[in-house]
Amino acid sequence: MRLFLDTANVEHIRHGVRLGVITGVTTNPSLVSKEGNIDYKRHVQEICSIVPGPVSTEVLSQDASGMVVEAREVASWAENVVVKIPASLQGVEATYELAKEGVKVNFTLCFSVNQALLAALAGATFVSPFVGRLDDIGENGMRLVKEIVAVYKNYPDSIKTQVIAASIRHPQHCIEAAQAGAQISTVPYQVLMQMIQHPLTDIGIRRFLEDWNKVMGSTVLKSKVS
Ligand code: E4P
């Protein structure tokens, strides 16, 4: 499973890329607005120059023709732009049109297998089932990811759409998305930071240093590692 960062924050994206584990970014209008009143085009282009992979940006139009016009414009900003189109009927039509033109679409706000099927049939490159938002209303978001992955697997020759487990809220979601076979999980920066955490690792590092220092002393350690 690949990891994307779900943010529009440039510093967080730089850090994720530096770690070598982030190969894409997803944004949405809420995430972009957290960055303040920015020059949107320049901001997207900056993100695209940092990230070695797809950068999803969402259209605001509600009708198919408006989505297509907006998507064409956004897709021209950088080679790795992917356009996020919402899982509406208008969105299916726009996805079909854009896919024919070679514009990559991330079919977003997906909450059902049928929406994911239509995304695939219309030619979306990615589909984003929103796990956390389903959990929020008492449903099982990860079950949807599993079901979409399973259905897509029935048609390996015709369905090439990749599943992005989105609306990830905690590290356990990442584990479950990988177990479900999602190709990608898009995670908030805070979740990326949590993924490496384990108290036994911290305790282990501290104890190793203490044991070393008791015998070798800290100055010896410094000269050994320098
Ligand atoms: C994904 O592409 C979305 O930007 C994101 O995962 C939404 O997450 P949220 O439900 O936490 O807002």
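Which side chain meets that of Glu-101 in a salt bridge? In this predicted model, the partner is Arg-72, with an N to O distance of 2.6 Å. The two residues come from distant parts of the chain, sitting 29 residues apart. Glu-101 belongs to helix 5, which runs over residues 89–101, while Arg-72 is part of helix 4, spanning residues 64–75. Counting up the whole structure gives five salt bridges, the Glu-101 and Arg-72 pair being one of them.

Now for the ligand. The space it takes up is the largest pocket. Around the ligand sit Asp-6, Thr-26, Asn-28, Leu-31, Lys-84, Phe-130, Arg-133, Ala-166, Ser-167 and Arg-169.

Asp-6 puts a polar side-chain atom 2.7 Å from one. Ser-167 also comes to 2.7 Å of a ligand oxygen, but here the atom is a backbone N or O. With Arg-169, it's back to the side chain, where an N or O atom lies 2.9 Å from an oxygen of the ligand. As for cover, the ligand on its own has 340 Å² of accessible area, and the protein covers 86% of that.

Terms used
Residues numbered from 1 in each chain as written. Predicted model: local features only at pLDDT ≥ 70, side-chain atom pairs only at ≥ 80, totals over all residues. Heavy atoms only, no water. Near = heavy atom within 4 Å. Polar contact = N/O pair within 3.5 Å; in protein donor to acceptor, adjacent residues only side chain to side chain. Areas by Shrake-Rupley, 256 points an atom, 1.4 Å probe, with all protein chains shown as cover. 1 Å grid on protein atoms, 1.4 Å probe; cavity = no way out; pocket = protein on both sides within 12 Å on 5 of 7 lines; lining within 4 Å. Sits in = over half its atoms within 2 Å of the grid points. Salt bridge = Lys/Arg side-chain N within 4 Å of Asp/Glu carboxyl O. Helix = DSSP H or I, 4+ residues; strand = E, 2+ residues; numbered from the N terminus.
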